[in-house]
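Trainee: Please take me through the pockets of this model at close range. Begin with the second one by size, then place it in its surroundings.

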Amino acid sequence: VVDGHDLPAHPFDPVAPAISKNIPLIVGLNQDESIFQSEHLPLAQATQIFNLDEAGLRQRIAKALRDNAGKVDRVLDVYRKSRPQASPPDLYIAITTGMGMWARVVTLAERKVEQRGAPVFMYVFAYESEVPVAATIDYPMKSPHAMEIAFKFNHPENSKSTGNRPERFRAARNMSQAWATFARTGNPSFDGIPRWPAYTL
């Protein structure tokens with residue numbers, strides 16, 4: 001709670017906090033963050049989301065856009081260009097992830113860059129689990145909110161939701177080493193992955 005004393009302002013709102021200007025930052029999200037929200041809905045509602053048709057997609061996106069509901073065509077066009085094979089549920093997850101998380105992450109990174117202090121590094125965690133969202137819903141969990149935690153600590157076998165594909169272990173080694181390298185040096189780059197550039201506007 002902002003009290004003007006212990007917490008003088010919201011972190012990164014309206015600007016990045018001066019106290020951490022010279023401290024590097026790593027910030028990002030999971031590719032399919034909003035699947036987590038959908039799978040925790042009552043089963044009937046979740047089933048509707050993962051079985052959306054075109055009309056249902058348009059209706060849900062218009063509702064999510066609220067005052068900008070007239071921009072449904074524009075939003076769908078942009079997402080379809082980058083995801084030509086996406087189904088209506090795929091598009092719904094991508095758009096709601098973008099609205100709910102990606103926009104905030106970009107804003108946070110931009111404010112950090114505008115400080116002209118320590119660098120900020122951005123990521124999208126995109127390892128996709130094949131585990132179904134629910135026993136009665138045949139839609140893969142992909143990369144939902146919090147999926148990265150088991151990977152960050154290099155133990156994907158500790159979470160059933162990470163699935164059974166062997167490549168999960170390589171993804172976990174890469175992520176945990178990048179996080180450890182960042183904690184140690186302020187830069188997540190290490191030998192074995194492409195150079196990770198700092199975010200810029």
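Mentor: A pocket here is an open set of points on a 1 Å grid over the protein atoms alone, where a 1.4 Å probe fits and protein lies on both sides within 12 Å along at least five of seven lines; lining residues have an atom within 4 Å of a point. The model is predicted, so to speak of local features takes pLDDT of at least 70, and side-chain atom pairs count only at pLDDT 80 or more, while totals for chains, interfaces and linings use all residues. Numbering runs from 1 along each chain as its sequence is written, and side-chain values use heavy atoms, with hydrogens and water left out.

Now the pocket you asked for. The second largest pocket holds about 330 Å³, a volume being the space filled by probe spheres set on points joined across faces, edges and corners. Its lining counts 17 residues. Nearest its centre lie Q31, D32, Y79, R83 and A94. Two or more lining residues come from each of β1 (25–30), α5 and β4 (137–142). These elements are DSSP runs, numbered from the N terminus: helices are H or I with at least four residues, strands are E with at least two. α5 gives the largest share of this lining, six residues. By class, eight lining residues are nonpolar, four polar and five charged. Nonpolar covers Ala, Val, Leu, Ile, Met, Phe, Trp, Tyr, Cys and Pro; charged covers Asp, Glu, Lys and Arg; the others, Gly among them, are polar.

Next, the largest pocket. Its volume is about 470 Å³. It is lined by 16 residues, and Q37, R60, A64, Y92 and T96 are the closest to its centre. The elements that supply two or more lining residues are α1 (35–39), α3 (54–65) and α5 (88–114). Here too α5 provides the largest share, six residues. This lining divides into six nonpolar, seven polar and three charged residues.

The chain has seven helices and four strands. Along the sequence they run β-α-α-α-α-α-β-β-β-α-α. The C-alpha atoms fill a box of roughly 50 × 45 × 35 Å along the principal axes. Of the 201 residues, 36% are buried, where buried means under 20% relative accessible area, exposed over 50%, and partly exposed in between, with a 1.4 Å probe and protein chains only. Take contacts (heavy atoms within 4.5 Å) between residues at least 6 apart in sequence: 61% of them join residues at least 24 apart. The chain exposes about 12100 Å², and carbon and sulfur atoms supply 54% of that area.

Last, check the backbone. Most residues other than glycine have a negative phi, and most peptide bonds are trans. The peptide bond from D13 to P14 is cis, with omega near 10°. P14 sits in the segment before β1. R116 has a positive phi, near 60°, and is not glycine. Look for R116 in the loop between α5 and β2 (120–125). R116 counts as exposed because its relative accessibility is 76%. N154, also a residue other than glycine, has a positive phi near 60°. Its place is the loop between α6 (148–152) and α7 (167–185). With a relative accessible area of 31%, N154 is partly exposed.

Conventions: Accessible areas come from the Shrake-Rupley method with a 1.4 Å probe; for residues, only the protein chains shown count as cover.
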